[in-house]
Amino acid sequence: MTFLSVVGILAFIVFLVLWAIALIRKNGKAKKMALWAAGSFLVFIVAGVAGLPATDEKPKTDSQSSAVTTPTKTNTKEVSAAVSQSNETAVKKETPFLDTSLPFDKFTDTLFALPISKQGEAFDSVRNQVVSWSGVVIEAGSSSLYVYGKPADYNGESWSEISEGKKKLGDVVVVKVSDRSELNGLNQGDIVTFKGELGSRGAKGESNWKLYNGKIEGRTVADSQNSGTITKAKYNKIKNGMTYEQVTKIIGGPGEALSEVGEKGDEFYTVMYSYKGEGGLGANANFTFQGNKLQAKAQFGLE
């Protein structure tokens, strides 16, 4: 084999590989590479024929052709595998990661820092996982606990005020508890630690978080918590049509939810609160609200 034929076969292999890569990448260079490969192969054939000795020995065309085509197929597969691996790596990098072991504020800050188009995908990757968070009690219902996840930013707003204003909804966690008795004795301002399964995500200014199969793991009673007892004089000041917030300001603290019908925020959501009273043994007062407006009140033994 002459020097020119060696150069021709090497050039042919190189341009053949470049042709295969161009086909995969679809960059418009495939035709050009094919022409160069054909030209190189022609040089190889011409140089090979010119350099053959004057004997009856036949050229080993088949073996030479095999030597050319085998590496071409291997290289094409290697290029395809490399491209496929690169694409898989790119997809993995695009999938956001959320650490469910983070405290509430760190977890939500991480989520809200992502582009809005990626937040849903990120949350779906951790949906139904169990998280353990803490926060300040906004309100304890009959089966749900309303918690503000960033105590330092809480200014004593009621759940009704937050849900209507919406600005702070993304920092509220509604915990659906498995055992309703765990909510007994919890009052606005108490600090609680709780855990539950991530059910739905919150969004700034739009929606709150929801946890299911919740469990209260710890509580700290607020030092400034008013006992919320009611006197006959306070009872007489309370009129039908008042909001729950107005009633709590008159009495001096939140009541205990005895019953709850419907979903909070609905027009016909109805809840009854009970207050311990000052007076005779067993003195108390009950107030029934619908749509956050007082509909009925009753008292026993108040003085």
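The accessible surface of the protein comes to about 17600 Å², and 55% of that area belongs to carbon and sulfur atoms; the areas come from the Shrake-Rupley method with a 1.4 Å probe. This is a predicted model, in which local features need pLDDT of at least 70 and side-chain atom pairs count only at pLDDT 80 or more, while totals for chains, interfaces and linings use all residues. Residues are numbered from 1 along each chain as its sequence is written, and side-chain values use heavy atoms, without hydrogens and water.

Of the 303 residues, 37% count as buried (under 20% relative accessible area). The protein has eight helices and nine strands, taken as DSSP runs of at least four residues (H or I) and at least two residues (E), respectively.

Strand β3 (residues 172-177) is mostly covered, with five of its six residues buried.

In helix α8 (residues 244-251), the buried residues are Tyr244, Glu245, Val247, Thr248 and Ile251. They lie on the same side of α8, because they cover an arc of only 160 degrees around the axis, taken from the directions from the helix axis to the C-beta atoms. Among the elements that cover these buried residues are β1 (130-140), α6 (159-165) and β8 (279-290). Just after α8, Gly252 takes a positive phi of about 105 degrees.

Definitions and conventions
Buried means under 20% relative accessible area, exposed over 50%, partly exposed in between (1.4 Å probe, protein chains only). Contact means heavy atoms within 4.5 Å.
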